[in-house]
Amino acid sequence: DENKYNRVYWHSLGTPQDQDRLVFEYPEEKEFGFQPLVTEDGKYLILTVWVGTDPKHGLYFMPLDEKGQPADQQFTRMIEPGRAQYEFIENDGPIFFLRTDRNAPRGRIIAADSRTFDPKGRREIIPESADEVMDFAVMANRHLVVAYMKDAHHLLRVFTLDGKGAGDIELPGLGSVRQLSAIKEAPEIFIQYTSFLQPPVILRHDLS
């Protein structure tokens, strides 16, 4: 059990570790693991919740105060683990963009309002593709950049936040995108790319 009973602590840089603040634990479910993420605007603390190697992640969130510290309230449990695969992409104010395979084995992107988080109010932004698997996505320049897998190689497509196609990003060849790095308000996106003939390199693309 020494590798179980995960906890999430808030650490302020420059302070001793014994002053870290416990912000979340779930002793009733000792198998639960947590990965914390602070949204780019500093307004939310997101927890990805998983059980073992099951890819059907859960998502919890907590608003942060004006100083970027955890508010004195409980996490809101958006999605419990075990239902489907969910991945937090980024937020646009109170609207959260999520990649999921729920009712879409090849993946799709939905938007949900964190103020209510009524499942009936979730909107589909980018529907499931007929022949491409949605692998991962980031937000850049207030657009969604999505990596799709097709015939054992990646394609990069760009969409507006309401799901309209805004073109493709041409890659050097038939290869794999290992990672995308971007800031949601900035036009730059960095792409870690490799192929059978190309060792891993970092590519820069300007969405503007």
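Q: In this predicted model, are Phe24 and Tyr60 buried or exposed?

A: Residues count as buried when their relative accessible area is under 20%. In this predicted model, both Phe24 and Tyr60 are buried.

Q: How many aromatic pairs does the structure hold, and what is the geometry of the one that Phe24 and Tyr60 form?

A: Planes over 60 degrees apart count as edge-to-face. The structure holds nine aromatic pairs. Phe24 and Tyr60 form one that is edge-to-face, with 5.7 Å centre to centre and 75° between the planes. This pair links distant parts of the chain, since Phe24 lies in strand S2 (residues 21-25) and Tyr60 in strand S5 (residues 58-63), 36 residues apart. Another edge-to-face pair is formed by Phe88 and Phe96, at 5.4 Å centre to centre and 90° between the planes; both Phe88 and Phe96 are buried.

Q: Which residues do ring pairs link into a cluster?

A: The cluster consists of Phe24, Tyr26, Phe32, Phe34, Tyr60 and Phe75, linked by ring pairs.

Q: Which side chains of strand S1 point to one face and are buried?

A: Side chains alternate along strand S1 (residues 7-10). Strand S1 pairs with S2 in the antiparallel sense over four bridges, and Arg21 in S2 is the bridge partner of Trp10.

Q: How many residues has the largest nonpolar core, and which have the most contacts inside it?

A: In soluble globular proteins, nonpolar side chains tend to be buried together. Here the largest nonpolar core has 15 residues, and those with the most contacts inside it are Phe97, Ile109, Ile125, Ile126, Leu144 and Val146. At least two residues of this core come from each of S8, strand S9 (108-113), strand S10 (123-126), strand S11 (133-140) and strand S12 (143-150). Leaving aside neighbours within four places in sequence, Leu144 is in contact with residues including Ile89, Phe97, Ile109, Val138, Arg157 and Phe159.

Q: Where does Thr100 lie, and which backbone atoms lie at 2.8 Å and 3.0 Å from a polar atom of its side chain?

A: Thr100 lies in strand S8 (residues 95-100) and is buried, with a relative accessible area of 1%. A polar atom of the Thr100 side chain lies 2.8 Å from the backbone oxygen of Gln85, and one lies 3.0 Å from the backbone nitrogen of Arg102. Leaving aside neighbours within four places in sequence, Thr100 is in contact with Ala84, Gln85, Tyr86, Gly107, Arg108 and Ile110.

Key. Residues numbered from 1 in each chain as written. Predicted model: local features only at pLDDT ≥ 70, side-chain atom pairs only at ≥ 80, totals over all residues. Heavy atoms only, no water. Buried < 20%, exposed > 50% of the residue type's maximum accessible area, 1.4 Å probe, protein only. Polar contact = N/O pair within 3.5 Å; in protein donor to acceptor, adjacent residues only side chain to side chain. Contact = heavy atoms within 4.5 Å. Phe/Tyr/Trp six-rings, centres within 6.5 Å; stacked < 30°, edge-to-face > 60°. Pairing = 2+ DSSP bridges. Core = buried A, V, L, I, M, F, W, Y, C linked by side-chain atoms within 4.5 Å.
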